[in-house]
Amino acid sequence: MYKIESKNVDFYYGPSQALKNINIAIRSNTVTALIGPSGCGKSTYLRLFNRMNDLIDDIKISGQVMIDGEDIYGKGINVDSLRKNVGMVFQKPNPFPKTIFENVAYGLRVNGIKDKKFIEERVETSIKQVVLWDEVKDKLKKSAFELSGGQQQRLCIARALAIQPSVILMDEPTSALDPISTAKVEELIYELKAKYTIVIVTHNMQQAGRVSDRTAFFYLGELVEYDETKKLFTNPKQERTQNYITGRFG
Amino acid sequence: MLSSSITSLTVVLIVVFLFKEGIGLFNQKPVEPGYVIAINKNNKVKELSSVQLKNIYDQKITHWSEVGGTHDSIVLFQLEDISNYYSDEQIGDNMQNLGSCMSRLVDSLPNIIAFFPDKYLDKKFQGTLLEVDKVTLHDFFAGKEWIPTAKPSAQLGVLPLILGTLWVSLGAILLALPLGLAAAVYMSEIANERVRRIMKPLIELLAGIPSVVYGFFGLVIIVPLIQKTFDLPVGETGLAGSIVLGIMALPTIITISEDAMRNTPRAMKEASLALGASRWQTIYKVIIPYSISGISAGAILGIGRAIGETMAVLMVTGNAAVIPHSILAPVRTIPATIAAELGETSNGGLHYKALFALGCILFLITLFINLTVEFISNRQKHNKH
Ligand SMILES: Nc1ncnc2c1ncn2[C@@H]1O[C@H](COP(=O)(O)OP(=O)(O)OP(=O)(O)O)[C@@H](O)[C@H]1O
Ligand SMILES: [Mg+2]
């Protein structure tokens with residue numbers, strides 16, 4: 001069974017169609033990269049999986065998006081619970097204006113967890129998972145804004161991990177980071193794969209090649225090609241894919 | 001540039017004028033000009049404060065011992081009482097002998113205190129003229145009574161007015177803040193764009209309604225309602241003032257808090273929701289903390305409006321200048337006092353100057369409020385970078 005499946009998904013912002021009949025199936029414990037030129041609908045598609053698009057007025061969606069075999073747009077779905085299972089990391093690091101500790105504890109607290117010891121342990125494991133512990137363990141009570149951009153982004157990943165989702169969505173998570181921080185995050189993604197199913201949007205072809213198992217190429221709201229990353233980059237079936245990955249695009 | 005410096009200059013001139021007139025109060029004696037207060041020349045008492053004088057004439061002080069004299073009871077005398085002591089013939093047809101009568105009267109009664117016009121003061125007056133203290137800062141700020149027309153000595157305690165003002169404003173903000181906050185949350189986080197586009201101008205319109213209309217509304221609807229609900233003799237109370245002012249402060253609070261909440265970065269809201277926080281959790285854990293300075297600025301500006309408001313309050317609070325001890329008692333605020341009394345005063349007189357001094361107090365309160373808002377919004381700007 002697939003972890004995530006989208007069947008005949010159409011999506012509209014008001015009158016304009018942003019996604020056209022998207023069919024993708026994603027297995028557990030894999031990394032899937034979404035690539036394509038700006039405005040092709042990658043973020044829109046990614047944000048379907050945790051129903052983040054629901055915040056926008058006047059949208060319409062048809063087709064099915066299944067996670068663990070359940071239609072997440074079906075009746076009786078609790079969106080808050082869905083989002084606890086499907087974590088998200090954003091393009092720009094967006095820690096809360098709170099302490100480092102409280103940032104990671106936030107998801108636990110809104111889940112109604114009160115046990116102090118449990119929260120402390122979970123915060124520590126999550127920060128260790130993103131290899132940030134040694135850098136912040138002495139300043140957990142300091143504002144998260146005192147961290148560098150790269151550290152902030154890893155903190156945001158730790159924040160998402162703390163509530164133990166099974167899926168993690170990442171929308172260009174390294175586009176605001178320097179090369180060293182980027183390398184750290186990529187390494188992290190590779191390690192997280194063992195426990196989570198990851199979907200990542202990226203503009204960086206090398207990054208897609210390095211971290212992902214499968215890649216989906218979007219163009220103008222359509223899914224042009226979806227295949228194993230190696231195949232898609234070395235031997236694309238579609239000419240449009242070929243043009244895009246070789247940078248010959250117009 | 002030119003117009004703004006003209007504006008500032010005008011404001012400075014007004015403030016200077018206000019303070020010049022107001023401060024003049026403390027050079028004056030609270031006794032009506034043209035009158036004297038006389039006692040027997042053997043009386044040990046040489047000075048009385050304005051409050052003591054009033055209490056003597058209100059017969060709350062009945063013995064000289066209470067003001068530092070002998071153990072005898074005080075004999076009150078006002079000009080009307082003269083016929084109890086002298087016949088019309090003795091005084092004379094044109095009151096030509098009144099001066100000497102007064103002199104003899106004060107001389108003959110050791111415990112008298114007499115309050116009469118100084119034109120009846122004989123050249124060889126056989127008594128002591130009492131010194132009355134000038135109005136002091138302490139009398140002014142700590143005095144518990146505001147009776148500027150009291151005779152023989154005006155009572156200029158502004159404490160009841162200051163407390164009345166703060167009382168009504170505090171009540172207003174306690175009512176308006178939760179309501180305003182709820183409305184702001186609704187408009188910025190819950191209502192969809194269409195509802196918002198209708199509500200926003202409506203609320204801004206509320207801010208433009210003349211205060212007399214609010215006062216009228218308060219008088220016709222809220223005052224009778226309070227009277228009936230609490231079974232009071234009159235419904236004109238501090239509570240009525242608080243409600244009317246609260247309603248008037250609402251547009252300010254809603255508009256400013258709503259703007260602040262809408263300024264919460266989308267990224268913050270999304271981060272919270274993406275972690276499985278519900279909409280309400282996001283509102284009180286992220287959006288309200290993030291916009292707290294804007295909300296406080298809205299609240300304080302709301303109070304600012306309430307404190308300076310005149311007409312509506314004048315119409316619904318009952319205007320009794322006593323220290324309020326319950327929200328269901330009538331109160332009187334500083335602006336209402338100035339508005340109601342300034343027309344009756346003589347230019348440059350004691351009462352007139354006292355009202356200007358009140359104006360100064362009001363000015364300082366609002367200045368303080370505006371500086372607080374300035375401080376808070378500066379800090380807010382600071383936070384965002
Ligand atoms: N809130 C919105 N309202 C209306 N249209 C939107 C909205 N968000 C995105 N769109 C439109 O939908 C299309 C897809 O946008 P999307 O953000 O998914 O692209 P993307 O592939 O993530 O681009 P980028 O690489 O620049 O992030 C674009 O044409 C965009 O203009
Ligand atoms: Mg995008």
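A: In this predicted model, helix H3 of chain A, residues 100-110, is largely enclosed by the rest of the structure, because nine of its eleven residues are buried. A residue counts as buried when its relative accessible area is under 20%. The buried residues of H3(A) begin with Ile100(A) and Phe101(A), continue through Asn103(A), Val104(A), Ala105(A), Tyr106(A), Gly107(A) and Leu108(A), and end with Val110(A).

The cover over these buried residues comes from both chains. On the side of chain A, it includes helix H2 (79-85), helix H4 (116-129), helix H5 (133-136) and helix H6 (149-162). Chain B contributes as well, with helix H10 (266-274) and helix H11 (279-290) among the covering elements. After H3(A) comes Gly112(A), which has a positive phi near 85°.

Phe96(A), Tyr106(A) and Val110(A) supply 28% of the area that chain A buries against chain B, more than any other three residues. Tyr106(A) and Val110(A) are also among the buried residues of H3(A).

The side chain of Ser166(A) makes two polar contacts to be noted here: one of 2.9 Å with the side chain of Lys3(A), and one of 2.7 Å with the side chain of Asn85(A). Residues up to four places away in sequence aside, Ser166(A) touches Tyr196(A) and Thr197(A) as well as Lys3(A) and Asn85(A).

Gln164(A) is also placed in the loop between H6 and E7. Gln164(A) is exposed, because its relative accessible area is 52% and the exposed class begins over 50%. Neighbours within four places in sequence aside, Gln164(A) is in contact with Lys84(A) and Arg122(A). The side chains of Gln164(A) and Arg122(A) are joined by a polar contact of 3.2 Å. Between Gln164(A) and Tyr45(A), the separation is 119 residues in sequence and 22 Å in space, from C-alpha to C-alpha.

Elsewhere in chain A, ligand 1 has a shell of residues that includes Tyr13(A), Ser38(A), Cys40(A), Lys42(A), Ser43(A), Glu172(A) and His203(A). By class, this shell has four nonpolar, six polar and two charged residues. Helix H1 (residues 42-46) of chain A gives the most to the shell, with three residues. Oxygen atoms of ligand 1 lie 2.5 Å from a polar side-chain atom of Ser38(A), 3.3 Å from a polar backbone atom of Cys40(A) and 2.6 Å from a polar side-chain atom of Ser43(A). The protein covers 60% of the 630 Å² of accessible area that ligand 1 has on its own.

Two further residues concern the backbone. Most residues other than glycine have a negative phi. Asn8(A), in strand E1 (residues 4-13) of chain A, has a positive phi of about 50°. In chain B, Gln59(B) has a positive phi near 60° and is found in the loop between helix H2 (50-57) and strand E3 (75-78).

Note on methods:
Residues numbered from 1 in each chain as written. Chains lettered and ligands numbered in written order. Predicted model: local features only at pLDDT ≥ 70, side-chain atom pairs only at ≥ 80, totals over all residues. Heavy atoms only, no water. Near = heavy atom within 4 Å. Polar contact = N/O pair within 3.5 Å; in protein donor to acceptor, adjacent residues only side chain to side chain. Areas by Shrake-Rupley, 256 points an atom, 1.4 Å probe, with all protein chains shown as cover. Helix = DSSP H or I, 4+ residues; strand = E, 2+ residues; numbered from the N terminus. Nonpolar A, V, L, I, M, F, W, Y, C, P; charged D, E, K, R; others polar. Buried < 20%, exposed > 50% of the residue type's maximum accessible area, 1.4 Å probe, protein only. Contact = heavy atoms within 4.5 Å. Buried area = accessible area lost by both parts, 1.4 Å probe.
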